[in-house]
Amino acid sequence: MNWIKLKNNTKIDALSIPAITIDELREDVRNMKLRPIGFFGKQEFENIRLYITLADDKEGMIYVSSMLFAPDIKSYDSLTKDFPQFHNFEREFYEEFGIEPKNHPWLKPLRKNQDEYPFFAMQGEDVHEVAVGPIHAGVIEPGHFRFMCQGEKVYDLEIMLGYQHRGAEALMLNPNNRLAESICGDTVIGYNMAYSQVMEALSDIKISQRAEIIRRIALEMERIAIHIGDMGAIAGDMAYLMGASVFGTTRTLVINTMLEICGSRFGRGLIDVGGVNFDITPELSDKIKSVLDDVIKIVDRTAKVMLKKPSCISRMEKTGVVSMETALQLGAVGMAARSSGVNLDSRFDFKDKWYKKCPLEKEIKENGDVYSRFNLRYREVKQSAEFINDLLEKLKENNDGIKVQTNNDLTPNSFAISITEGWRGEVVHTAITGVSGELIRYKIKDPSFNNWYMLAMAVRNNGISDFPLCNKSFNLSYCGNDL
Amino acid sequence: MLDTIKLKYFQGKQYIKDIKNAPMREHFRGFPVIKSGDVDCSCCPTGALISNPNRIDLGKCTLCGNCKCEAIQFSNCYKLGSTSREKLIISENMAAEDYEKFAIESRKEIVKIFSHSLKLRQVSAGGCNGCEMELNACSNCNFDMGRFGIDFVASPRHADGIVITGPITKNMAYALEDCYKSVPEPKIVILAGACAISGGVFQNSTELNREFLGKYPIDLYIPGCPIHPLTFINAVLDLISN
């Protein structure tokens with residue numbers, strides 16, 4: 001058996017993970033037709049062990065295996081040319097451990113060595129380059145974009161990131177919840193939930209039903225808040241200012257309700273390993289319901305007015321198109337992938353019992369343009385509100401406390417993984433413990449890690465002036481990618 | 001067209017009229033109220049809590065509430081900004097009202113030049129997008145910072161100062177300094193958020209380069225994790241007005 005099978009939010013014995021060869025790996029990836037969610041190394045005495053995690057979204061299972069590199073082996077034959085979705089993973093592994101994937105098509109730095117970054121170049125008449133960043137015009141995170149254009153048309157966009165690299169994975173070896181939720185400050189609940197679930201799996205803690213429900217309410221509220229904010233930002237970028245201001249203030253209603261739950265507008269301090277720190281009282285539950293009802297009314301009204309305007313539609317339709325084929329090749333995940341017709345939502349794929357009980361379905365759009373991504377957000381906002389109403393009902397029946405006693409005893413020699421569907425897509429946290437139960441490797445994969453290349457593909461053959469609109473429709477994370 | 005006018009009608013007026021005395025929800029964790037007594041310093045994720053006598057360094061504090069006990073409570077007072085790093089250390093029995101009075105000392109030359117118009121360039125140097133989102137919120141219809149003449153501009157050449165968020169990563173150190181140098185004199189520097197002031201939860205990272213802060217004067221410290229828009233706007237207003 002080349003692979004160990006495990007469920008989401010569970011752990012296995014790290015010593016039982018088999019070691020396979022690169023040819024076996026290539027053959028298995030080809031036959032199993034699964035997508036990678038983890039591809040990271042760990043120093044093991046003088047050797048380097050490469051862990052590979054694949055997700056089986058149909059069955060809701062995760063497959064783990066590993067490869068062992070002796071100190072004298074400094075290269076292997078790249079997987080990217082056969083399976084392009086490995087491209088970033090291989091670049092990351094090369095950057096961290098210096099083992100070269102031979103014949104990788106674009107083995108460029110991912111987070112380090114920015115001074116030596118080899119940009120693509122284009123030559124010819126009327127060809128010019130536009131360099132933007134790392135500091136952008138708006139109040140956003142840093143990243144460098146280089147457009148290769150002919151006139152106003154973009155041929156290609158190259159994205160160089162790494163400015164946000166804070167060494168988060170190294171810090172996570174001495175983790176706490178406050179650090180986990182600060183790694184990517186717009187997906188506070190998603191990150192904190194993934195981290196807490198990994199820790200709970202490693203220390204065999206079973207949290208209360210009530211805490212599980214409150215966590216999911218917060219997760220969906222985060223989704224609603226950010227999606228509404230992004231709908232406003234998309235409206236702003238195509239100069240429909242009424243949309244920008246109405247969506248902007250509507251988002252305030254949602255995050256201020258979050259503040260009433262836990263004292264922070266983004267849900268910081270809510271989740272801890274072992275449960276949650278704040279309860280939702282019946283009065284607060286009614287308040288959440290009535291706020292969300294109002295919010296949905298406003299969003300409905302505004303979106304309908306906006307989507308009737310030909311000037312809005314013409315800016316969004318057929319702008320920034322990513323086909324389903326491209327999205328699958330790049331291994332895109334989350335809401336951006338769903339907008340291109342990829343059937344992927346870890347809330348449903350990995351059989352979360354709270355989502356299974358709820359009569360909702362995955363939202364999938366097929367055109368892959370800005371319009372699809374706007375519309376998908378709009379649909380997901382409504383869906384999440386329905387789901388929260390459902391959860392608030394279930395909250396009444398589950399009164400088993402909000403936090404259980406925890407200790408810091410992690411099971412030695414274990415490998416645990418948690419996939420949480422944040423608003424952007426799957427947040428994957430993996431942790432490995434050593435002989436005395438200490439953390440020896442903590443790996444984070446943000447959905448943006450897969451999706452940045454999708455943005456580069458989206459702007460091809462578009463006018464350069466449409467870039468802000470395309471960018472906002474994805475709203476990818478810089479710090480989630482750079483860690 | 002009619003639909004848009006209807007939308008505007010439903011939207012009504014959303015702005016907070018009196019931003020200096022805006023009510024804050026009681027759940028907000030703001031200014032800490034500290035008494036003497038036993039505290040557990042090990043629960044603080046950033047080392048902001050110091051015992052004997054009990055103190056909290058707002059420059060490090062993420063206002064997470066982990067340390068809440070008899071001796072430490074958090075009020076909903078949101079005016080946390082200060083013009084000096086030392087004043088951010090809150091000692092026992094300090095009242096929020098007293099802190100507000102002495103924390104920000106506006107300087108004559110800043111008031112003279114910037115009191116009617118302050119254009120800022122924001123630099124995210126490793127920020128997690130929390131403070132960035134809240135700074136964006138400062139300009140939305142609710143908080144509407146633009147009415148006081150305070151705005152974020154696209155280029156440092158147009159700016160009167162910079163706002164730094166994030167713990168300042170090695171990879172952003174050069175761009176940050178470059179941006180600062182591009183701002184014409186006279187200029188101010190504002191540190192927004194626990195990460196910018198002290199490194200926050202990332203203070204032990206080896207990937208930071210905080211030399212910038214030693215080289216140039218800092219005019220305003222705004223604590224929070226992330227900063228609340230009311231904290232930011234009030235601190236800046238106090239800095240540029242008498």
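The term pLDDT denotes the predictor's confidence in each residue, on a scale from 0 to 100. For chain B, the mean pLDDT is 89, and 100% of its residues reach 70 or more. The complex as a whole receives from the predictor an ipTM of 0.90 and a pTM of 0.92. This is a predicted model, in which local features need pLDDT of at least 70 and side-chain atom pairs count only at pLDDT 80 or more, while totals for chains, interfaces and linings use all residues. Residues are numbered from 1 along each chain as its sequence is written, and chains are lettered from A and ligands numbered from 1 in the order in which they are written.

We begin with a sheet in chain A. Helices (H or I, at least four residues) and strands (E, at least two) are DSSP runs, numbered from the N terminus. Two strands pair if DSSP finds at least two bridges between them. In chain A, 3 strands form an open sheet with antiparallel pairing, in the order S8-S9-S10. Strand S8 (127-132) and strand S10 (153-160) of chain A each have a single partner strand and stand at the edges, so one side of each lacks a neighbour in the sheet. From one strand to the next, the twist averages 20°; such angles run from 0 to 180 degrees between N-to-C directions, and axes are lines fitted to C-alpha atoms, for helices over the stretch in contact. Strand S9 (residues 144-150) of chain A pairs with S10(A) over 7 bridges in the antiparallel sense. Phe145(A) stands opposite Ile159(A) in S10(A).

We turn next to two helices. The axes of helix H7 (residues 241-262) and helix H8 (residues 282-308) of chain A come within 10 Å and cross at roughly 170°. H7(A) and H8(A) are therefore roughly antiparallel to each other, a description applied to angles over 145 degrees. Residues in contact (C-beta atoms, placed from the backbone, within 7 Å) include Gly243(A) and Val246(A) of H7(A) and Leu284(A) and Lys287(A) of H8(A). By class, this contact has 12 nonpolar, 4 polar and 3 charged residues. Here Ala, Val, Leu, Ile, Met, Phe, Trp, Tyr, Cys and Pro count as nonpolar, Asp, Glu, Lys and Arg as charged, and the others, Gly among them, as polar.

Finally, the two chains meet. Their contact takes 42 residues from chain A and 47 residues from chain B. On the side of chain A that touches chain B, helix H4 (177-182), H7 and H8 each supply at least two residues. The largest share of that side, 9 residues, comes from H7(A).

Terms used. Parallel < 35°, antiparallel > 145°, perpendicular 65-115°, else oblique. Contact = placed C-beta atoms within 7 Å.
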